[in-house]
Amino acid sequence: MRVFFSIALLFLSLNIYGQKETISQRVDTLLSQMTLDEKIGQINQFSGNWEQTGPKAVTPQILDEIAQGRVGSLLNVHGAATTRSLQQYAMKSRLKIPLLFAQDVIHGYKTTFPIPLAEAASWDIKAIEKSARVAAAEASSAGIHWTFAPMVDICRDPRWGRVMEGAGEDTYLGSIIGAARVRGFQGNGIGSTDALIACAKHFAGYGASMAGRDYNTTDISDRTLWEVYLPPFESVVKEGVGSFMTAFNDLNGVPATGNKYLLTEVLRKKWGFTGMVVSDWGAIGELIPHGFAKDGKEAACKALLAGCEIDMESHLYKNNLKQLVLDGEIDEKVIVEAVRHILYKKFELGLFEDPYKFSDEKREKETLGNAANKAFAREIAAKSIVLLKNNNEILPLTKKYKKISLIGPLMKSKADMRGNWSIVRWGDSDIVSPYEGIQKRAPKGAELIYSKGCEISTNDRSGFTQAIEVAKNSDVVIMAMGESWNMTGEAKSRTDISLPGIQEELIKEIVATGKPVVVLLMAGRPMTFEWTAANAGSILYTWWLGNEAGNAIADVLYGDYNPAARLPITIPRSVGQIPLFYNNKNTGRPLIDENNVSYVSAYIDSPNTPLYSFGYGLSYTRFEYSDLETSNTKIGKKDTLTVKCKVKNIGKYDGEEVVQLYLRDISASVTRPVKELKGFDKIFIKAGETKEVEFKIGKELLAFYDINMKRTVECGMFELMIGQASDKIVLREMLEVIKL
Ligand code: NOJ
């Protein structure tokens, strides 16, 4: 039957010359048959209820609208059987245009991976791509066509709860990671049964919400917008991302959802984007409280004319567009353009050939949470753990530690391991807590003693005494401390980003026992923990690692995996330093001597430096750099230069190093950052071995927006730096860019 259906469709899709019609031709043919109501239907996106299955996943009213062809896409419905049952309603509509099913597949679907910020810490682009690939394979098997990821918002403010969803503070790293995630989600291309349409969000500037308060205003200079916030979006357009989502915030006075400059001038015209543009949830309606539209009708009009094509859940397109067309305020052609982009994707997915293509219960059963996916989740979780400190080489743990005390409110936690973006409630049974992971891995004969010590955020000290006793009676203490899963994420901004509650007090008490203490810090953002940083023996920043958290933590603790992650975002000493990021400007009065802060750009009550810098992270082994070689120290504006250096593993463990290349433009027509990441290479080097690393520096890396906002390479001196972190430069060389 299905074969017959496909052959029939193939004949129908031949044009008058007997050639196969292109997708664009098929879209045009379909558009010519659609009524205005059907066109408006396509640009409505409604939410279902993810707790429900089958047709009950949406309200009876939405079911009815689907059957009338008045809904283009749904979000928050999932599962092969449920999506199939809903698609059947779309097949009752006059033109049988299939629905698109969208979902926030942010860091895994059934198999939960580390939160995106944690994965970014791996600096392992192939692994990050694979994580998105596996997530896409799982979600697409459950009938999902479209994910609202990756979030490519650059964020320099850890108070903002959504910092967990991005790749951190750096534009270069964020652009590369964003592109990798798009490649992963979209796999062999939209239309492959295991691929999802990716969505770049939130366009644009959302990560710069003032004071780190979610949804807040953004005020970003043109220069910073183009240099810092927009490049990751451009990078994913080049990678072929299928959709964009508008941001909630207003940007320099114009809400992003009604921002014609962003959505039309930049995205469509300058970058040539041809995919779909969806609003964020209810964001078209929010143009009213923004003070940008007086009512729903004006909001719908402004958003659509700006280039926001799909209305997620504000219902304002549905209720106002027809009248706006009849009143002559909107030309129907604008709606046709929007519908064209959506239909194109539906054809590309192959849904007109088989609307149930992705609703395959057999594949769903085989794919969701399968052993290979779990194994990969463990691997990428271990790759995401940053070793911040390892005094006296407490780690990796050896057999000499027989009695191990496991302390802290997160030690036995499961739900927290998953982080904030796990929409579908899968239950906690397949999550490995730190306690379970360590218990499984601890050598035979080791004795584990557990004591919670305190809760995550109460002031109850009644558990301290027992925890101290337990610590005193052990050879080593491992503490699992940090935030609960719902302290970061959307609408989870904090003004105090220190370890919540009395957790740092507990750490003080345990450190006072004199036992070696390993602190595992778990959070969706950089926290502040100056005392712990100075006094705990070893610190691992584990973020939220997903289902396999406990196993991955044990892999690192016992040295089965030698940690190699590097911070993708600065960890400040205090909230007062924020925004604090590595690629700052030098100022006219830079701080040169920490002991002389008189009339220079410094604080009188805190160092300028962060607790831990961007790019920082340790290994169980050590690396030594040498033999910096540049093919030339003068480079023409359009030339490419080769830079090489040697890296030797001088420790006793095999391990990976992240070799980081930074550039500084010493003097230019506008002030330039003190350094900017321009390349990196993550390499595995066996103990005692040496490897050579090579970078190419060409005009792309040297260019910036000049005084006239023109992207250009200016002549003059540049400092080239190779480092192990942004604040640990080990090799330097001066370069001169010359005219030629
Ligand atoms: C609001 C969030 O800002 C966005 O990132 C998400 O994709 C939508 N809700 C849909 O869940």
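Modeller: Let's start with Asn392, which is found in the loop between strand S11 (386-390) and strand S12 (403-407). Strands here are DSSP runs of E with at least two residues, helices are DSSP runs of H or I with at least four residues, and both are numbered from the N terminus. This is a predicted model, in which local features need pLDDT of at least 70, side-chain atom pairs count only at pLDDT 80 or more, and totals for chains, interfaces and linings use all residues. Residues are numbered from 1 along each chain as its sequence is written, and side-chain values use heavy atoms, with hydrogens and water left out.

What draws the eye at Asn392 is its phi near 55 degrees, a positive value in a residue other than glycine. Most residues other than glycine have a negative phi, and most peptide bonds are trans. Asn392 has 76% relative accessibility, so it counts as exposed (over 50% relative accessible area; buried is under 20%, partly exposed in between, with a 1.4 Å probe and protein chains only).

Ala491 also has a positive phi, near 60 degrees. You will find Ala491 in the loop between strand S14 (476-482) and helix H19 (503-511), and with a relative accessible area of 45%, Ala491 is partly exposed.

Now for the peptide bonds. A cis bond joins Ala149 to Pro150, with omega about 10 degrees; Pro150 sits in the loop between strand S4 (146-147) and helix H8 (171-186). Another cis bond links Ile578 and Pro579, where omega is about 0 degrees. Look for Pro579 in the loop between helix H21 (549-557) and strand S17 (623-630).
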